[in-house]
Amino acid sequence: MKVIPLGLQCSVPEGIKRANLREYSYPFDWLWCPSKTTYNILSILINEGIENALQYMTTGYTYYKYLGNEHYVSVDNITESQMNKNSGLGNTHFTINNEYKSKLKIRLERLLRDII
């Protein structure tokens, strides 16, 4: 049995890791991802393919500086805190660049393989 984190925030994969049930990373690990957005990403992944899901998850971001206590301010430079205001998808651990996109693509491929 595979345990696949689909939760709203980083605590879900962390909990799975602490329970010694984590095999490897999936695309929703270490993101802020509302349930509706998770559903949209899964729908795109299954119906439209990995490349479209990757594009949905890595475009349309605004960069933020973390101020503490879950407070952020918008900035004009690249940071590790990014939010897509349309989808609600947030990333506070990685800068969205080619390296991150490569990792995310592997995670999407893994997820698709494991759910089909």
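The backbone nitrogen of L89 lies 3.2 Å from a polar atom in the side chain of S87. A polar contact is a pair of N or O atoms within 3.5 Å; within protein, one must be able to donate a hydrogen and the other to accept it, and residues adjacent in sequence count only if both atoms are side-chain atoms. The model is predicted: local features need pLDDT of at least 70, side-chain atom pairs count only at pLDDT 80 or more, and totals for chains, interfaces and linings use all residues. Residues are numbered from 1 along each chain as its sequence is written, and side-chain values use heavy atoms, with hydrogens and water left out.

- S87 sits in the loop between β4 (81-83) and β5 (90-91). Helices (H or I, at least four residues) and strands (E, at least two) are DSSP runs, numbered from the N terminus.
- S87 has a relative accessible area of 12% and is therefore buried. Buried means under 20% relative accessible area, exposed over 50%, and partly exposed in between (1.4 Å probe, protein chains only).
- Not counting residues up to four places away in sequence, S87 touches P34, T37 and Y56. Contact means heavy atoms within 4.5 Å.
- L89 has its own list of partners, leaving aside neighbours within four places in sequence. Among them are W32, P34, T37, I41, M57 and Y61.

**The nonpolar core**

- The largest nonpolar core has 20 residues. Such a core is a set of buried Ala, Val, Leu, Ile, Met, Phe, Trp, Tyr and Cys residues joined through side-chain atoms within 4.5 Å.
- L45, M57, L89 and L108 have the most contacts inside this core.
- The elements giving two or more residues to the core are α2, α3 (50-58) and α4.
- The largest share, five residues, comes from α4.
- In soluble globular proteins, nonpolar side chains tend to be buried together.

**How the helices pack**

- Helix α2 (residues 35-48) packs against helix α4 (residues 98-115) at an angle of about 75 degrees, with the axes 11 Å apart. Axes are lines fitted to C-alpha atoms, for helices over the stretch in contact, and angles run from 0 to 180 degrees between N-to-C directions.
- α2 and α4 are therefore roughly perpendicular to each other. Angles under 35 degrees count as roughly parallel, over 145 as roughly antiparallel, 65 to 115 as roughly perpendicular and the rest as oblique.
- From α2, L42, L45 and I46 meet L108, L111, L112 and I115 of α4.
- That contact has seven nonpolar residues, no polar and no charged. Ala, Val, Leu, Ile, Met, Phe, Trp, Tyr, Cys and Pro count as nonpolar, Asp, Glu, Lys and Arg as charged, and the others, Gly among them, as polar.
- The axes of α2 and α3 come within 7 Å and cross at roughly 150 degrees. These two helices are therefore roughly antiparallel to each other.
- T37, N40, I41, I44, L45 and E48 of α2 make this contact with I50, N52, A53, Y56 and M57 of α3.
- By class, the contact of α2 with α3 has seven nonpolar, three polar and one charged residues.

**The loop between α1 and β1**

- S25 belongs to the loop between α1 (11-18) and β1 (31-32). Its relative accessibility is 14%, so S25 counts as buried.
- The side chains of S25 and R22 are joined by a polar contact of 2.4 Å.
- S25 also touches R107 and R110, not counting residues up to four places away in sequence.
- E23 lies in the loop between α1 and β1. At 49% relative accessibility, E23 is partly exposed.
- The side chain of E23 makes a polar contact of 3.3 Å with the side chain of K2.
- Leaving aside neighbours within four places in sequence, E23 is in contact with M1 and K2.
- E23 and I4 are 19 residues apart along the chain, and their C-alpha atoms are separated by 9.2 Å.

**Positive phi values**

- Most residues other than glycine have a negative phi.
- N20 has a positive phi, near 60 degrees. N20 is in the loop between α1 and β1 and is exposed, at 71% relative accessibility.
- W30 has a positive phi, near 65 degrees. W30 is in the loop between α1 and β1 but is buried, with a relative accessible area of 16%.

**Strand β2**

- G68 is in strand β2 (residues 62-68). With a relative accessible area of 21%, G68 is partly exposed.
- G68 and I96 are 28 residues apart in sequence and 21 Å apart in space, C-alpha to C-alpha.
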